[in-house]
Amino acid sequence: MATLAPTQVRITADEFWQLCADGKPRELIRGQVVETMPAGFEHGRIAQWVATQLTLYQQQIRQYLGEVVVETGFVIRYPDSESVRAPDVAFIRKERLPDPRPRTFAEFIPDLAVEVVSPNDAYSAIRGKVEEWLHAGVALVWVIDPHRRTVEIFRADAPPQTLREGDVLTCELLLPGFALPLTTLFGGLQAQLESPSNG
């Protein structure tokens, strides 16, 4: 999601929660508030599709592996500041979920963070967000670029991997057996329902 200029005042995650009561889209980056722009249509469609597929996968195997959330704030703490980042989609393994579930920002990090690239996103900003997720301990980050029709996969202990149309997005580390063809990812419901195998 595209970002605008940050403020100059450094605040905490708790103060940021109070600030967000007005409902305006923002993130907190190392203590500074950064306004974000609403997602475009294609961005929102792809994020929704990924979240749906991650949920349907668990229903199909009839096994609850964890929670899928969208645009949820996660607190990342540093010695001198805090960030609150909101991936487009996130997955958290069930054994890492607190009981009761948090009503405010999550004080834990997701296992999978999914970022969908908007047309006006700077690639450096996307990479910065990926690096922050990996630094915080996120196991897996997917960067989905609808314009290039690619998915970049990032892990802390491996070089980045780029998938293109014709490839299949999997998640054996967290969701064994999950498979999402990129053709379906970028084509969405229309591509799935109008494919020859469904005709």
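User: A salt bridge is a side-chain nitrogen of Lys or Arg within 4 Å of a carboxyl oxygen of Asp or Glu. On that basis, what N to O distance do Arg93 and Glu95 have?

Analyst: 2.7 Å, between the side chains of Arg93 and Glu95. This is a predicted model: local features need pLDDT of at least 70, side-chain atom pairs count only at pLDDT 80 or more, and totals for chains, interfaces and linings use all residues. Residues are numbered from 1 along each chain as its sequence is written, and side-chain values use heavy atoms, with hydrogens and water left out.

User: Are Arg93 and Glu95 buried, partly exposed or exposed?

Analyst: Arg93 is partly exposed, at 27% relative accessible area. Glu95 is exposed, at 53%. Buried is under 20%, exposed is over 50%, and partly exposed lies in between (1.4 Å probe, protein chains only).

User: And what does Asp111 meet in a salt bridge?

Analyst: Arg93, at 3.1 Å, N to O. The pair links distant parts of the chain, 18 residues apart. Arg93 is in strand 7, and Asp111 is in the loop between strand 7 and strand 8. Helices (H or I, at least four residues) and strands (E, at least two) are DSSP runs, numbered from the N terminus. Asp111 is buried, with a relative accessible area of 5%.

User: How many salt bridges does the structure hold? Which residues do shared partners join into one network?

Analyst: The structure holds 15. The network joins Glu27, Arg85, Glu115, Lys129 and Glu132.

User: What about Asp22 and Arg26: what distance, N to O?

Analyst: Their side chains form a salt bridge at 2.8 Å. Asp22 is partly exposed, at 44% relative accessibility. Arg26 is buried, at 16%.

User: OK, pocket. Which residues lie nearest the centre of the largest one?

Analyst: Arg26 again, with Pro25, Glu27, Glu71 and Ala86. The lining has 21 residues in total. Helix 1 (13-19), strand 2 (26-29) and strand 6 (82-85) each give two or more of them. A pocket here is an open set of points on a 1 Å grid over the protein atoms alone, where a 1.4 Å probe fits, with protein on both sides within 12 Å along at least five of seven lines; lining residues have an atom within 4 Å of a point.

User: Switching to helix 2. How many residues, and what reach?

Analyst: Helix 2 covers residues 41-61, which makes 21 residues. From first C-alpha to last, helix 2 reaches 31 Å, close to the expected 30 Å. The expected span is 1.5 Å times one less than the number of residues. Arg62 follows helix 2, with a positive phi near 55°.

User: Which residues of helix 2 are buried? What covers them?

Analyst: Among the buried ones are Ile46, Trp49, Val50, Leu54 and Tyr57. Their cover includes strand 4 (66-70), strand 7 (89-93), strand 8 (112-116) and helix 4 (182-193). Contact means heavy atoms within 4.5 Å.

User: Which residues are buried in helix 4?

Analyst: Leu182, Thr184, Leu185, Phe186 and Gly188. Helix 2 is part of what covers the buried residues of helix 4, and so are strand 10 (150-155) and strand 11 (158-164), among others.

User: Last one. Where does Phe105 lie, and what does Phe105 touch?

Analyst: Phe105 is in the loop between strand 7 and strand 8. Phe105 is buried, at 12% relative accessible area. Leaving out residues up to four places away in sequence, Phe105 touches Ala13, Phe16, Trp17, Cys20, Gly73, Val75 and Val84. The C-alpha atoms of Phe105 and Asp14 are separated by 8.7 Å, though the two are 91 residues apart along the chain.
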